[in-house]
Every structure is written in structure tokens, then in C-alpha cells.
Amino acid sequence: MTTHWLVVSALLFGVGAVGVLVRRNAIVVFMCVELMLNAVNLSLVTFSRMHGNLDGVVVAFFVMVVAAAEVVVGLAIIMAIFRSRRSASVDDASLLKY
Amino acid sequence: MTDPSVPPIVAPSVDLVLVLPILVVLGAAVVGVLVEAFVGRSRRFAVQAALTLLTVAFAAVWTIVAAVGDRVGVTFAGSVSVDALTHVAWGVLLVLAVPAVLLVLDRTVEPGGAFVAAGSAPVGSAGDRRQNLGSGAGGGADGPDGAPGPAPMQTEVFPLILFAVGGMMIFPAASDLLTFFVALEVLSLPLYLLCGLARRRRLISQEAAVKYFLLGAFVSAILLYGIALLYGWAGSIRFADIAAKIAGDPGTGSGVGNDLLLLLGLALLVVGLLFKASVGPFHLWTPDVYQGAPTAVTAFMAACTKVAAFAAMLRVFLTFLPPVQDIWIPVLSVIAVVSMLIGSIIGVAQSDMKRVLAYSSIAHAGFILLGVMSLSERGASGTMFYLLSYGFATIGAFAITMLVRRGAGEATRLEEWSGLAKRSPVLAAVMTLFLLSFAGIPLTSGFIGKLTVFTAAVDAGLTPLVVIAMIATAITVAFYLRVVVVMYLTPTDRADRSADRSAGGSGPGSRTVSGAPGTLLETTTAPVSVVVPGPAIAIVLVVCALVTLLLGLAPSLGLDLLDVPLPLLS
């Protein structure tokens, strides 16, 4: 029964990964990364229940903390570039190439 | 009273002396944040710079003393392993961090410092223009004539660097998956911010930060999924338990690794590591970020992040891979070849100095991966030696890149370097030394690095790979020599003509962004000039050149120190 949760988690992870690759707004891309992290959390908690130990749950808590820290840094960077360019599209920022 | 079926909770043994260098570095970073809040603006720079430099130097000395005294052990309930590999990695990392910090704190090349005075001011706004025009907002650094100079740089840079160094120290010592992941984030997050804080060309600096951040966050999510799958397979996050399970699986020989969770988990974990080390097909962020980030930060990333990533890779590979190497060595071989060829072939076509060095770092990552793949003592110590020699040469090369300037910014286009040897023969000679070391010419440290790594790979039975590596080396020689030719044999007036062309708006360097004139590439007709380095950069150049020569002439000095006896503790 618990394996169903692993499938859900894999699907969520896939949705997030596809979102990162196809979406064009930096904020949405970032939200898709968060979705991937939460999918991993679901996996960790499920595995934790399957193995009957708490390691996975502990890791999931740390992932939440790290995700929060990432939001702080990420939104600061995206804000800075939005204020300079008036756009948060990842296509507009294309001065660096080749 | 207590339920006998529940085992009592035993407090884990914590040996703080073993991890003292990490505690000191992270503690100093926290103190640095407090300094930002409580020390007056005029004295902040001096306090922060001294704090950072002393901390890194102290940690380096402590690590060397601990390594000589052979103080090793596993602590924090098995999550941090301080063994010979950790000591060697910390030593190399901290020794490279000192010159990187010296580049960051230099204020002679760029008045006020190479970092932005107010990162929050939008590019092109009034506040942004003011910070470079010498209105001396907030009692800025005084110019040479006593007039107020540009506003001083943000000193938050220093605590950020310390946090990054702290994460880089935990990374190779991490001995469970949780510590491993947290260390990766602690080293990455400050770097994302540092990339976006350049004083000049702020738009490309911010763009580099966004690209690095989005790709980095994406890859850490992938790596985390690998961690979850590995935990699901092994039922434990300890490296030791997972390794025992891999080794003790009844199907050893043919069946191991067919287990989908293990295979996928290891693959995703390895992808994350290869991304951080900018290897092979996972390198796409490297040229953009190296070009856009402030040059001092690029030097720090190129040298120190690589050390941390490859040292962590050594621990992961040496712990997990030996029982399943039949499956993994072919995969990694392909990655190493792709990395070497991408780095060397695309590198030849680059026209920007910082991008040339970025592609060079990708090619070198392929060579270093050979040492890691050897899964042997010689491979491990060869890898660390390679990282040490490459680190010093690359920091030196980026330091010289900081000195060649046009107008207010750095002149990084290759044609602007033409005739550098006439303008300043000493700098050109030192740059040539670093480039020869990159190319692996004998009597430089780069030669010894390649020699040790390649012999270790041959011993491990990777001879075909070494042959390809030799060919890639030959190609890289071509692009290093191209820079030498530009510096020595191309007449200077070409640069001036190209300046006229780009001023006319048709040259490749004339890209501008509406609303932010002059902030992007700052194309000017000003002649290329070479700044006389201040004491900090001068020390960096002398040290890097001396180390490059010394390790080339007397390699045993380094090789003996960087010995990594196996097996690792975990």
C-alpha cells in the first residue's frame, strides 16, 4: 500500500521537473523546484514508514529548513534582476551565451 | 517505569576538537553578520577583512597541525568523518581560500572594492549611478587626491565567503546523506548571492546569479531525490551502512546494482556532484557564471568549490563504488571524455578571457575525474595534488584578469589582451607560467598533477581513457598557446582598432541594454590599461607563481603531504 505514495511522489517530482524545463517565469520555475523538494519529502516520509525508522522523517524536516533558506536567497536574486530589467522571464536574461 | 522494549536513547559522542576548524569558520561568519549590525560603516571593511583572513588562516594552520598529529575520528554519531582525506581536503581548500580572500578584499584595482555598494539599487537607477561617481555616500573610500571616491563595497561579502568556506569544509567530511545535503546547500547559497554582487557590469552579474541559482536549485532537488532513493534502498542514511549493504548484497558480482532504487539513487547523487564540480555534460552553467560573477568570486569558485566537490566525490566513490564499479566505471568514463572534449574543443573558440578559463576548468574537471575514478590511494592523492596545483594557477590567472582594464571595467575580450607583453612584460610572463601549468608543460605543477592522475588511472586499468586525455591535453595546449600568442605576438594597435569598431556600434562588444547605458559592458574608446597591483594582489600573484614553479620542480613537497591512506573512516 505504501508503494502507492512512492508513485505519487515520483509523479509530483516529474511534474516539477517538467515545469522547471518548460516554464519561462523565474518565479514559476522556482515554485516548480519547491514542488520537486516536496515530492522528495513525500518519498522520504514513505520510506521512513516502510523501514520503521525515523531517519527519513528527520531528513524531511531538514529539507524544509533548506527550502526556506533557498527561498530567501532565491527571491532576493530574482527581485534584484526584476527591478533592473522589469521582467522575471528567464528568456530575457540572455546577455551571457556561447 | 520505562518500557524495557524501547532501547534507552544514548547521547551521541561529540568530539568538538576534531571539527574545530569548521566551528571556527562558521562562528566567525556569524560574528561577521553581527559586525555588519554593530560596527560603524567606516571601520566595517577593515574589521571584516581582518576577521575573514585571520579565521581562514587559523583554520588552515589548525588543520595542518591536526593532520600532522594524525588526529582522526568519526564524530556526531557517525555523521562527520575527520580522516586523512578530510584533512587533506581542508588543507588544500583553506590554503586556496587565503589568496581568494585576498583578491576579494583588494580595493586598489577598483576604488571602493570590486563589489557593489548597494546590491538593492536597480541597475541604471540614480542610486546605482551615484555609487560609482564619487559622491562619497556614507563616507566612502577616499580617492588618491583626497576627494571622496566611490561608495565603499558591501561588506556582507565577507561573512558570505566564510559561510561558503564552512559548507565546503563540511562537504568532504560528511559521512551521512543528511549532512552531505546540508553541507552542499550551505556552500551553494552564499555563492549564488556572491555571483550577483559585481560593481561593474551588474546586469550580467545578476543574470549569472539567476542562472546559477535556478540550475543549482534544480540540481539539488535532483540530488535530494537520489538521497531519498538511496535511503529507501538501504534503510539508513549512514554512508557506512549503505556501503555495507552494497558490499554485502548476496548478488555481488553480477546482480548488484540491478536493484533499481540503488542504481537510480546513486545516479542522481552523482549527477548532483558532477554539476557542482562542473564536469562534462553538466557544465552548462559554468561559462556564464564564471563570466558574469565578480572576478574574485570566480577565482574562489573555480579553486575552492572544485576542491570541495571533488573531495566529496572521492569519499562517495571510494565508499560506495568499489563493489559496483563494473557498472559505474564505463558510465563515468563517458562523462570524463565528454568533459575533456567539450572543455578543450569549445574552449578553443572562445573570445572572452573569463570564458576561456571557464572552459579550461571544464576540461580540467574531466582530467581530475580520471583520478577520482581510479578508486585508489594514488588516485586520491593525485586528485588532491591536481586540485592544489590547478587552484593556485587559476587564482593567479583570474588575478591577472582583474588587472587588465579598459575604462572603468575589466578588459576581458581576448583581442584587448593583444600586446600585453609590451605593456607589462612581468604580468605577461606570469600569465604565461600559469597557462603553461594549465597545459601541463614540464617544470610546472600542472605537469606533475597530470602525471600523477594519469599514472593512477593507468594502474586502475583505464589506459584507453588516458590516451583520450592525452589528445584532449594536446587540444587544450592549442588554446592556451593562443592566449600566449595574443599577448606576445599580436601588435597592440589591433586592440585600438577594435575599440573604434565597437564604439561605432557594430562590434561584437557593443551590446547594450536600453535604460541602462554604460552599465553593461561599458564599451569605451578608452585604451586598455594595466593597473599596478596593490599589495594584496601582488602577494597573490607572487605566491601563486612560486607555488606553481615549486610544485613543478619539487613535487614530492606536495605529494608527500597529500597522502590519502585508504580505507576511509565512516
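In this predicted model, 34 residues of chain A are in contact with 36 residues of chain B. On the chain A side, the elements that give two or more residues to this surface are helix H1 (2-22), helix H2 (26-51) and helix H3 (55-85) of chain A, and H3(A) gives the most, with 17 residues. By class, the residues on the side of chain A that touches chain B divide into 25 nonpolar, 6 polar and 3 charged.

In an unreviewed entry, UniProt lists residues 6-22, 27-47 and 59-82 of chain A under "transmembrane region".

H2(A) is followed by Gly52(A), a residue whose phi is positive, near 70°.

Chain B contains 21 helices and 5 strands. Of the 570 residues of chain B, 60% count as buried, and among the contacts in chain B with a separation of 6 or more, 79% are accounted for by residues 24 or more positions apart.

One helix pair in chain B can be described in detail. The axes of helix H13 (residues 353-373) of chain B and helix H14 (residues 377-403) of chain B come within 9 Å and cross at roughly 175°, which means that H13(B) is roughly antiparallel to H14(B). H13(B) contributes to the contact through residues including Met353(B), Lys354(B), Leu357(B), His364(B), Phe367(B) and Val372(B), while the residues contributed by H14(B) include Gly379(B), Tyr386(B), Leu387(B), Tyr390(B), Phe398(B) and Thr401(B). Taken by class, the contact of H13(B) with H14(B) has 10 nonpolar, 8 polar and 1 charged residues.

The loop between H13 and H14 of chain B holds Leu375(B), a residue other than glycine whose phi is positive, near 55°. Most residues other than glycine have a negative phi, and most peptide bonds are trans. Leu375(B) has 19 C-beta neighbours inside 10 Å and therefore counts as partly exposed, since burial requires 20 or more.

A positive phi is also found at Ser278(B), where the value is near 50° in a residue other than glycine. Ser278(B) is placed in the loop between helix H9 (260-276) and helix H10 (285-292) of chain B, and because 26 C-beta neighbours lie inside 10 Å, Ser278(B) counts as buried.

A further backbone feature of chain B is the peptide bond from Leu566(B) to Pro567(B), which is cis, with omega near -5°. Pro567(B) lies in the segment after helix H21 (556-561) of chain B.

Notes. Residues numbered from 1 in each chain as written. Chains lettered and ligands numbered in written order. Predicted model: local features only at pLDDT ≥ 70, side-chain atom pairs only at ≥ 80, totals over all residues. Helix = DSSP H or I, 4+ residues; strand = E, 2+ residues; numbered from the N terminus. Buried ≥ 20, exposed ≤ 12 C-beta atoms within 10 Å, placed from the backbone. Contact = placed C-beta atoms within 7 Å. UniProt positions renumbered as here; feature names shortened; annotations may be inferred. Nonpolar A, V, L, I, M, F, W, Y, C, P; charged D, E, K, R; others polar. Axes fitted to C-alpha atoms, helices over the stretch in contact; angles between N-to-C directions. Parallel < 35°, antiparallel > 145°, perpendicular 65-115°, else oblique.
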